[in-house]
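Colleague: I would like to learn how to read a few features of a model. Could we go through them one by one?

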Amino acid sequence: MKENTDGRHQLIAKSNAETVEPSVFVPSTGNVREYRNALGRFGTGVTIVTTSIGDTPLGITVNSFASVSLEPALVLWSPAKRSKHYAEFESAPFYAIHVLNHSQAELASHFARDARSFSHCDWHRGDNGVPLIEHSVARFECQRLHSHDGGDHAIVVGSVVRAANFGGEPLMFVGGEYGRFVGAA
Ligand SMILES: Cc1cc2nc3c(=O)[nH]c(=O)nc-3n(C[C@H](O)[C@H](O)[C@H](O)COP(=O)(O)O)c2cc1C
């Protein structure tokens with residue numbers, strides 16, 4: 001933590017708009033909000049993970065997506081165990097991960113509230129009935145490989161059976177806010 005010459009702690013930027021008091025702490029049940037705020041400093045893209053349970057399409061907004069392995073092509077995401085649709089997402093044999101375009105922030109909000117928000121987007125069914133949402137910047141169609149315990153989340157690892165790069169500007173998520181990437185140059 002830096003100190004100014006007048007002895008007050010220097011504020012660090014939380015996002016472009018806000019400042020926070022620097023803090024160092026042991027994560028515990030008493031400071032979950034503070035811990036989440038610290039995690040929120042890690043900027044991510046935003047994805048929607050889709051699957052189909054019988055004929056019912058389901059989607060969830062997710063920023064825990066990560067690449068695991070290039071050869072073979074493996075990716076992961078982490079469903080929260082307390083989520084209403086945890087069982088369906090954790091066990092889905094086939095699913096698709098859509099990396100959202102910056103214009104899809106509202107869609108991200110819809111799928112964060114309601115897993116059945118498909119009336120808010122253009123979509124069609126791909127292989128194995130998996131819902132494929134239009135206008136993403138990239139898409140990874142996956143077959144579930146395995147799932148690991150991860151505390152209050154699971155870590156679902158999938159084999160990428162088809163990848164797509166559509167180009168365009170991705171949606172970003174930092175400090176609890178949606179935004180756009182601005183390059184350093
Ligand atoms: C930007 C963003 C990222 C999220 N990432 C995840 C995630 O990685 N895993 C997860 O289980 N839920 C994630 N969520 C929460 C889900 O989208 C959704 O809000 C939650 O599953 C709803 O819970 P419920 O079905 O119990 O109402 C995220 C939400 C937002 C807005």
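Colleague: Why does His135 count as partly exposed?

Modeller: This is a predicted model. A residue is buried with 20 or more other C-beta atoms within 10 Å of its own, exposed with 12 or fewer, and partly exposed in between. His135 has 15 C-beta neighbours inside 10 Å, so His135 counts as partly exposed. His135 sits in the loop between strand 10 and strand 11, and its phi is positive, about 75°, although His135 is not a glycine.

Colleague: In which loop does Asn128 lie?

Modeller: Asn128 belongs to the loop between strand 9 (123-125) and strand 10 (131-133). Asn128 is a residue other than glycine with a positive phi, near 60°. Asn128 counts as partly exposed because 15 C-beta neighbours lie inside 10 Å.

Colleague: Which residues does a cis peptide bond join?

Modeller: Glu71 and Pro72, with omega about 5°. Pro72 is in the loop between strand 6 (66-69) and strand 7.

Colleague: Which residues touch the most other members of the largest nonpolar core?

Modeller: That core has 27 residues, and Ile48, Val49, Ile60, Ile97, Leu100 and Ala108 touch the most other members. Elements that give two or more residues to this core include strand 4 (47-53), strand 5 (56-62) and helix 3 (105-113). Strand 8 supplies the largest share, 4 residues. Beyond its neighbours within four places in sequence, Ile48 has contacts that include Ile60, Leu100 and Ala108.

Colleague: How many of the protein's residues count as buried?

Modeller: The share is 24% of 185 residues. The secondary structure comes to 3 helices and 14 strands.

Definitions and conventions: Residues are numbered from 1 along each chain as its sequence is written. This is a predicted model: local features need pLDDT of at least 70, side-chain atom pairs count only at pLDDT 80 or more; totals for chains, interfaces and linings use all residues. A nonpolar core is a set of buried Ala, Val, Leu, Ile, Met, Phe, Trp, Tyr and Cys residues joined through C-beta atoms within 7 Å. Two residues are in contact if their C-beta atoms, placed from the backbone, lie within 7 Å.
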